[in-house]
Amino acid sequence: MGDADRAFKNAVYEQIARVGKALAHPRRIELLDLLCQGPMSVEQLANKSSMSMGSTSQHLQQLKESLLVRAERRGTYVVYRLRDDLTCSLFHTLQTVAEHYYAELRAITEAFFSEHQALESLDLSTFQERADKDAFVLLDVRPSDEYEAGHWPGALSIPLNHLIDRLAELPQDRTIVAYCRGPYCILAPHAVELLQQKGYRAIRLADGVSSWRAQGIPYFRRSGDTI
(Lines give C-alpha, C1' and ligand atoms only; values in the text may rest on other atoms or scores of the structure.)
Protein backbone atom coordinates (compact mmCIF):
# COMPACT_ATOMS: atom_id res chain seq x y z
CA MET A 1 0.00 0.00 0.00
CA GLY A 2 1.44 3.32 -1.10
CA ASP A 3 1.60 6.51 0.93
CA ALA A 4 -1.38 7.99 -0.92
CA ASP A 5 -3.46 4.88 -0.27
CA ARG A 6 -2.59 4.93 3.42
CA ALA A 7 -3.38 8.62 3.69
CA PHE A 8 -6.76 7.98 2.10
CA LYS A 9 -7.53 5.16 4.55
CA ASN A 10 -6.46 7.27 7.52
CA ALA A 11 -8.60 10.19 6.42
CA VAL A 12 -11.68 8.04 5.86
CA TYR A 13 -11.55 6.25 9.21
CA GLU A 14 -10.78 9.48 11.03
CA GLN A 15 -14.06 10.91 9.76
CA ILE A 16 -16.01 7.79 10.74
CA ALA A 17 -14.38 7.92 14.18
CA ARG A 18 -15.98 11.34 14.73
CA VAL A 19 -19.28 9.54 15.31
CA GLY A 20 -17.68 7.20 17.83
CA LYS A 21 -16.10 10.09 19.71
CA ALA A 22 -19.42 11.91 19.87
CA LEU A 23 -21.10 8.86 21.40
CA ALA A 24 -18.31 8.02 23.84
CA HIS A 25 -20.26 9.21 26.88
CA PRO A 26 -23.41 7.68 28.42
CA ARG A 27 -25.07 11.03 29.00
CA ARG A 28 -24.76 11.99 25.34
CA ILE A 29 -26.40 8.70 24.39
CA GLU A 30 -29.21 9.51 26.83
CA LEU A 31 -29.65 12.91 25.18
CA LEU A 32 -30.02 11.21 21.79
CA ASP A 33 -32.68 8.94 23.28
CA LEU A 34 -34.57 11.98 24.56
CA LEU A 35 -34.25 13.81 21.24
CA CYS A 36 -35.74 10.77 19.49
CA GLN A 37 -38.98 11.90 21.16
CA GLY A 38 -38.87 15.28 19.42
CA PRO A 39 -37.20 18.71 19.57
CA MET A 40 -36.40 20.01 23.05
CA SER A 41 -34.79 23.03 24.65
CA VAL A 42 -31.64 22.85 26.73
CA GLU A 43 -33.79 23.42 29.82
CA GLN A 44 -36.08 20.51 28.98
CA LEU A 45 -33.18 18.18 28.27
CA ALA A 46 -31.39 19.18 31.47
CA ASN A 47 -34.52 18.56 33.53
CA LYS A 48 -35.33 15.19 31.95
CA SER A 49 -31.75 13.91 32.16
CA SER A 50 -31.18 15.23 35.70
CA MET A 51 -28.09 17.11 34.53
CA SER A 52 -27.05 20.68 35.15
CA MET A 53 -27.64 23.22 32.40
CA GLY A 54 -23.88 23.58 31.95
CA SER A 55 -23.24 19.87 31.50
CA THR A 56 -26.22 19.49 29.18
CA SER A 57 -25.03 22.38 27.01
CA GLN A 58 -21.51 20.95 26.78
CA HIS A 59 -22.75 17.52 25.72
CA LEU A 60 -25.14 19.05 23.20
CA GLN A 61 -22.35 21.14 21.75
CA GLN A 62 -20.27 18.01 21.13
CA LEU A 63 -23.22 16.30 19.48
CA LYS A 64 -23.77 19.40 17.35
CA GLU A 65 -20.11 19.57 16.31
CA SER A 66 -20.36 15.95 15.19
CA LEU A 67 -23.43 16.91 13.11
CA LEU A 68 -25.68 14.41 14.93
CA VAL A 69 -27.94 17.18 16.22
CA ARG A 70 -28.74 20.71 15.15
CA ALA A 71 -29.88 23.77 17.03
CA GLU A 72 -32.31 26.52 16.15
CA ARG A 73 -33.40 29.60 18.03
CA ARG A 74 -37.05 30.04 18.95
CA GLY A 75 -37.41 33.42 20.59
CA THR A 76 -35.24 33.39 23.69
CA TYR A 77 -34.79 29.60 23.61
CA VAL A 78 -32.37 27.37 21.72
CA VAL A 79 -34.10 24.17 20.64
CA TYR A 80 -32.16 21.04 19.72
CA ARG A 81 -33.34 18.31 17.37
CA LEU A 82 -31.79 15.27 15.75
CA ARG A 83 -30.15 15.88 12.41
CA ASP A 84 -32.60 13.35 10.91
CA ASP A 85 -34.08 9.92 11.61
CA LEU A 86 -30.74 8.28 10.76
CA THR A 87 -29.41 9.54 14.09
CA CYS A 88 -32.25 7.83 15.94
CA SER A 89 -31.50 4.65 13.99
CA LEU A 90 -27.88 4.94 15.12
CA PHE A 91 -29.00 5.11 18.76
CA HIS A 92 -31.28 2.11 18.22
CA THR A 93 -28.43 0.10 16.64
CA LEU A 94 -26.15 0.83 19.61
CA GLN A 95 -28.90 -0.30 21.95
CA THR A 96 -29.51 -3.50 19.98
CA VAL A 97 -25.82 -4.42 19.86
CA ALA A 98 -25.43 -3.80 23.61
CA GLU A 99 -28.49 -5.95 24.36
CA HIS A 100 -27.11 -8.76 22.20
CA TYR A 101 -23.60 -8.88 23.61
CA TYR A 102 -23.80 -7.66 27.21
CA ALA A 103 -25.46 -9.97 29.71
CA GLU A 104 -24.99 -7.25 32.31
CA LEU A 105 -27.43 -5.01 30.45
CA ARG A 106 -30.06 -7.74 30.31
CA ALA A 107 -29.61 -8.50 34.01
CA ILE A 108 -29.88 -4.84 35.03
CA THR A 109 -33.04 -4.41 32.96
CA GLU A 110 -34.74 -7.56 34.20
CA ALA A 111 -33.96 -6.72 37.83
CA PHE A 112 -35.40 -3.21 37.53
CA PHE A 113 -38.60 -4.26 35.77
CA SER A 114 -39.13 -7.14 38.18
CA GLU A 115 -38.75 -4.83 41.18
CA HIS A 116 -41.37 -2.49 39.74
CA GLN A 117 -43.83 -5.26 38.84
CA ALA A 118 -43.36 -4.57 35.13
CA LEU A 119 -41.46 -7.64 33.95
CA GLU A 120 -44.47 -8.73 31.88
CA SER A 121 -44.62 -6.78 28.65
CA LEU A 122 -45.95 -6.77 25.12
CA ASP A 123 -43.97 -6.00 22.01
CA LEU A 124 -45.59 -3.86 19.35
CA SER A 125 -46.42 -6.68 16.96
CA THR A 126 -48.14 -8.70 19.70
CA PHE A 127 -50.04 -5.63 20.85
CA GLN A 128 -51.28 -4.96 17.32
CA GLU A 129 -52.32 -8.59 16.88
CA ARG A 130 -54.29 -8.59 20.12
CA ALA A 131 -55.63 -5.02 20.04
CA ASP A 132 -58.77 -5.90 18.06
CA LYS A 133 -59.86 -8.77 20.30
CA ASP A 134 -58.52 -7.70 23.69
CA ALA A 135 -59.85 -4.79 25.74
CA PHE A 136 -56.74 -2.60 25.86
CA VAL A 137 -56.34 1.03 26.77
CA LEU A 138 -53.05 2.36 25.41
CA LEU A 139 -51.60 4.87 27.86
CA ASP A 140 -48.78 7.31 27.05
CA VAL A 141 -47.14 8.33 30.34
CA ARG A 142 -44.48 10.66 28.94
CA PRO A 143 -44.59 14.41 29.58
CA SER A 144 -47.24 16.18 27.52
CA ASP A 145 -44.70 17.96 25.29
CA GLU A 146 -43.36 14.60 24.12
CA TYR A 147 -46.89 13.30 23.51
CA GLU A 148 -47.64 16.36 21.39
CA ALA A 149 -44.46 15.84 19.35
CA GLY A 150 -45.44 12.28 18.44
CA HIS A 151 -47.54 9.46 19.85
CA TRP A 152 -49.29 6.26 18.88
CA PRO A 153 -52.74 6.93 17.34
CA GLY A 154 -55.48 6.56 19.90
CA ALA A 155 -53.18 6.62 22.91
CA LEU A 156 -54.45 8.44 25.99
CA SER A 157 -52.00 10.95 27.44
CA ILE A 158 -51.61 10.97 31.21
CA PRO A 159 -48.09 11.94 32.29
CA LEU A 160 -46.77 9.81 35.12
CA ASN A 161 -46.71 12.71 37.60
CA HIS A 162 -50.46 13.26 36.99
CA LEU A 163 -51.50 9.62 36.97
CA ILE A 164 -52.57 9.31 40.61
CA ASP A 165 -54.91 12.31 40.21
CA ARG A 166 -56.45 11.06 36.95
CA LEU A 167 -57.11 7.42 37.71
CA ALA A 168 -60.84 8.01 37.29
CA GLU A 169 -60.24 8.45 33.55
CA LEU A 170 -59.12 4.82 33.24
CA PRO A 171 -61.66 1.98 33.10
CA GLN A 172 -61.20 -0.78 35.68
CA ASP A 173 -62.53 -3.49 33.36
CA ARG A 174 -59.88 -3.09 30.65
CA THR A 175 -56.15 -3.84 30.54
CA ILE A 176 -53.99 -0.72 30.64
CA VAL A 177 -50.94 -0.93 28.37
CA ALA A 178 -48.47 1.80 29.32
CA TYR A 179 -45.68 2.99 27.07
CA CYS A 180 -43.07 5.72 27.18
CA ARG A 181 -39.83 6.60 25.36
CA GLY A 182 -38.33 3.19 24.77
CA PRO A 183 -37.25 -0.08 26.42
CA TYR A 184 -35.14 1.63 29.10
CA CYS A 185 -37.55 4.43 29.92
CA ILE A 186 -38.52 4.23 33.61
CA LEU A 187 -41.86 6.02 33.30
CA ALA A 188 -43.93 3.05 32.10
CA PRO A 189 -42.63 0.62 34.76
CA HIS A 190 -43.51 3.11 37.50
CA ALA A 191 -46.94 3.63 35.94
CA VAL A 192 -47.58 -0.13 35.81
CA GLU A 193 -46.55 -0.48 39.45
CA LEU A 194 -48.87 2.32 40.54
CA LEU A 195 -51.81 1.01 38.50
CA GLN A 196 -51.40 -2.53 39.82
CA GLN A 197 -51.34 -1.21 43.38
CA LYS A 198 -54.65 0.53 42.67
CA GLY A 199 -56.25 -2.66 41.40
CA TYR A 200 -55.86 -2.20 37.66
CA ARG A 201 -54.70 -4.86 35.23
CA ALA A 202 -51.63 -3.14 33.76
CA ILE A 203 -48.66 -4.16 31.64
CA ARG A 204 -46.08 -2.18 29.72
CA LEU A 205 -45.40 -1.96 26.04
CA ALA A 206 -41.75 -2.91 25.64
CA ASP A 207 -41.31 -0.65 22.62
CA GLY A 208 -41.57 3.12 22.61
CA VAL A 209 -41.26 6.16 20.40
CA SER A 210 -37.48 5.94 19.97
CA SER A 211 -37.81 2.34 18.74
CA TRP A 212 -40.69 3.16 16.38
CA ARG A 213 -38.89 6.14 14.93
CA ALA A 214 -35.62 4.25 14.45
CA GLN A 215 -37.41 1.42 12.68
CA GLY A 216 -39.44 3.75 10.47
CA ILE A 217 -42.76 2.61 11.97
CA PRO A 218 -45.40 5.27 11.30
CA TYR A 219 -46.89 7.01 14.30
CA PHE A 220 -48.72 10.29 14.76
CA ARG A 221 -46.71 13.48 14.60
CA ARG A 222 -47.97 16.91 15.51
CA SER A 223 -49.11 18.84 12.46
CA GLY A 224 -46.48 21.28 11.23
CA ASP A 225 -43.67 19.88 13.38
CA THR A 226 -41.55 17.37 11.52
CA ILE A 227 -39.31 15.57 13.95
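Select R27 and E30 and display their side chains: a polar contact of 3.1 Å joins the two. A polar contact is a pair of N or O atoms within 3.5 Å; within protein, one must be able to donate a hydrogen and the other to accept it, and residues adjacent in sequence count only if both atoms are side-chain atoms. The model is predicted, so local features need pLDDT of at least 70 and side-chain atom pairs count only at pLDDT 80 or more, while totals for chains, interfaces and linings use all residues. Residues are numbered from 1 along each chain as its sequence is written, and side-chain values use heavy atoms, with hydrogens and water left out.

The side chain of R27 reaches the backbone oxygen of S49 at 2.3 Å.

Colour helix α2, where R27 is found. Helices (H or I, at least four residues) and strands (E, at least two) are DSSP runs, numbered from the N terminus.

Now turn to the largest pocket, with a volume of about 630 Å³. Select E30, R181, Y184, C185 and I186, the closest to its centre of the 27 lining residues. On a 1 Å grid over the protein atoms alone, a pocket is an open set of points where a 1.4 Å probe fits, with protein on both sides within 12 Å along at least five of seven lines; lining residues have an atom within 4 Å of a point. A volume is the space filled by probe spheres set on the points.

Colour α2 (26-35), α3 (42-49) and α5 (85-101), the elements that give two or more residues to the lining of the largest pocket. The largest share, five residues, comes from α5.

Finally, select E99, T109, P183, Y184 and A206, which lie nearest the centre of the second largest pocket among its 18 lining residues. This second largest pocket holds about 310 Å³ of space. Colour α5 and α6 (103-115), which each give two or more residues to its lining; α6 gives the most, with five residues.
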